[in-house]
Amino acid sequence: MERKGCIVTGVGPGTGAAIVRRFSQDYRVAMIARNENRLKQLEKDIQGVSSYPCNVANLIDLEATYQQIETDIGHPEVVIHNAVFGSFGEFQDLPVDRIELGFKVNVSAFLRLAQLASPSMVNANRGALVCTGNTAAYRGLPNFAGFAPTKAAQRILAESIARTLGPKGVHVAYVAIDAVISVPWTRESMPDKPNEFFADPADIADHIWSVVHQPKSAWTFDSVIRPYGEKW
C-alpha cells in the first residue's frame, strides 16, 4: 500500500528532525527548511523522506514548493508547521520589521499551508494540521514583545481553522512546548542543568504523532507539554 504524504516545516536538528524520523516510519515525508545542506543530510540518513529547501516567509516560494510536493507525493494527509521565528528584547528596542517577519513565518505561512492542504483533506474527510508552539502563545513576558504576539496570533488562527475544519473531518491541533529542548547547543550553554530540565525531541515527536492519530471522538486542540523538572 502506498504511504500517505506528510509535510514538516522548520526541519532543524532538534524537534523538526525528530518529527521527520517519527513520521517517516509510516509516511512519505516532505521536509521544508532554509538549510539545504541539513535537509540533504537527513535525506541520506532517513529512508522515505524528501528535501524541499524553502523560506516559508516567502509565500510565493512556499506555494510553489507545496505544489511541487503534491506532484511528487500527492496530497498530504498531515501538515506540521514547526517553522518558527522570533525576536527578543524590550518593546522599546524592537525593530518593526523583525516582528513583521515573525508574523510571516509563524502566522502567514501556516495560514497559506492550511489553505493549500485543507481542500483535499476535506474531500477525504480526514487529515491533520498541527502547529508547534510554546507558552509564549498564552502570555506576554518581558523581553518577548517580538515573539509572543506572533505565537498568540498563530494559536488563535489555528483555533479558528479548527472550528471550521473539525466538523468536516480534519483535525487541527496546537502543541505548545513549555521547555528548553535538548539539542547540543542548549546542553553546552546550560551545563549545570539536569536531564529532567530538558525536553527530548523524540518524546515531543511521539506526542505529536499521538495527537495526529487520535480517534475522532476524542480530539485534542490545545496541549501543553513540559518535562517533569520544568517549573510552571
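1. At what angle do helix H1 and helix H7 pack, and how far apart are their axes? In this predicted model, helix H1 (residues 15-23) packs with helix H7 (residues 201-212) at an angle of about 55 degrees, and their axes are 8 Å apart. That angle makes H1 oblique to H7, and the crossing in which H1 passes H7 is right-handed. On the H1 side the residues that meet the partner helix are Thr15, Ala18, Ile19, Arg22 and Phe23, while H7 brings Pro201, Ala202, Ile204, Ala205, Asp206, Ile208, Trp209 and Val212. Sorted by class, the residues of the contact of H1 with H7 are 10 nonpolar, 1 polar and 2 charged.

2. The sheet deserves a separate point. It is an open sheet of 7 strands, in the order S3-S2-S1-S4-S5-S6-S9, and the pairing is parallel. Strand S3 (49-53) and strand S9 (222-225) are the edge strands, each of which pairs on one side only. On average, neighbouring strands of this sheet are turned by 20 degrees against each other, with direction ignored. Strands of a sheet pair through backbone hydrogen bonds, which may be of the parallel or the antiparallel kind.

3. Two of the strand pairs can be followed in detail. Strand S1 (residues 4-9) and S2 run parallel and are joined by 6 bridges, with tyrosine 27 in S2 as the bridge partner of lysine 4. S1 is mostly covered, since 5 of its 6 residues are buried. Strand S5 (residues 128-133) and S6 also run parallel, joined by 6 bridges; here leucine 129 has valine 172 in S6 as its bridge partner, and cysteine 131 stands opposite tyrosine 174 in S6.

4. Is strand S6 (residues 171-177) mostly covered or mostly uncovered? S6 is mostly covered, with 7 of its 7 residues buried. In a regular strand the side chains alternate between the two faces of the sheet. Both faces of S6 are covered: on one side His171, Ala173, Val175 and Ile177 are buried, and on the other Val172, Tyr174 and Ala176 are buried as well.

5. Helix H4 (residues 96-124) and helix H5 (residues 148-165) pack at an angle of about 15 degrees, with their axes 9 Å apart. H4 is therefore roughly parallel to H5, and the two cross in a right-handed sense. The contact is made on the H4 side by Ile99, Gly102, Phe103, Asn106, Val107, Phe110, Leu111, Ala114, Ser118 and Val122, and on the H5 side by Pro149, Thr150, Lys151, Ala153, Gln154, Leu157, Ala158, Ile161 and Leu165. By class, this contact of H4 with H5 has 13 nonpolar, 5 polar and 1 charged residues.

6. Helix H3 (residues 59-73) also packs with H4, at an angle of about 30 degrees and with the axes 10 Å apart, and H3 passes H4 in a right-handed crossing. Leu59, Leu62, Glu63 and Tyr66 in H3 meet Ser108, Ala109, Arg112, Leu113, Leu116 and Ala117 in H4, a contact of H3 with H4 that has 7 nonpolar, 1 polar and 2 charged residues by class. A further helix, H2 (residues 36-45), lies across strand S2 (27-33) and S3, and runs at about 170 degrees to S3.

7. Where is threonine 135 found? Threonine 135 is in the loop between S5 and H5, and counts as buried because its relative accessibility is 13%, under the 20% cut-off. When its neighbours within four places in sequence are left aside, threonine 135 is in contact with Ala176, Ile177, Asp178, Val224 and Arg226.

8. Most residues other than glycine have a negative phi. Asparagine 125, although not a glycine, has a positive phi of about 60 degrees; asparagine 125 has its place in the loop between H4 and S5 and is partly exposed, with a relative accessible area of 41%. Asparagine 143, likewise not a glycine, has a positive phi of about 75 degrees; asparagine 143 is found in the loop between S5 and H5 and counts as partly exposed at 37% relative accessibility.

Terms used:
Residues numbered from 1 in each chain as written. Predicted model: local features only at pLDDT ≥ 70, side-chain atom pairs only at ≥ 80, totals over all residues. Heavy atoms only, no water. Axes fitted to C-alpha atoms, helices over the stretch in contact; angles between N-to-C directions. Helix = DSSP H or I, 4+ residues; strand = E, 2+ residues; numbered from the N terminus. Parallel < 35°, antiparallel > 145°, perpendicular 65-115°, else oblique. Left-handed = near helix turned anticlockwise from the far one by under 90°. Contact = heavy atoms within 4.5 Å. Nonpolar A, V, L, I, M, F, W, Y, C, P; charged D, E, K, R; others polar. Buried < 20%, exposed > 50% of the residue type's maximum accessible area, 1.4 Å probe, protein only. Pairing = 2+ DSSP bridges.
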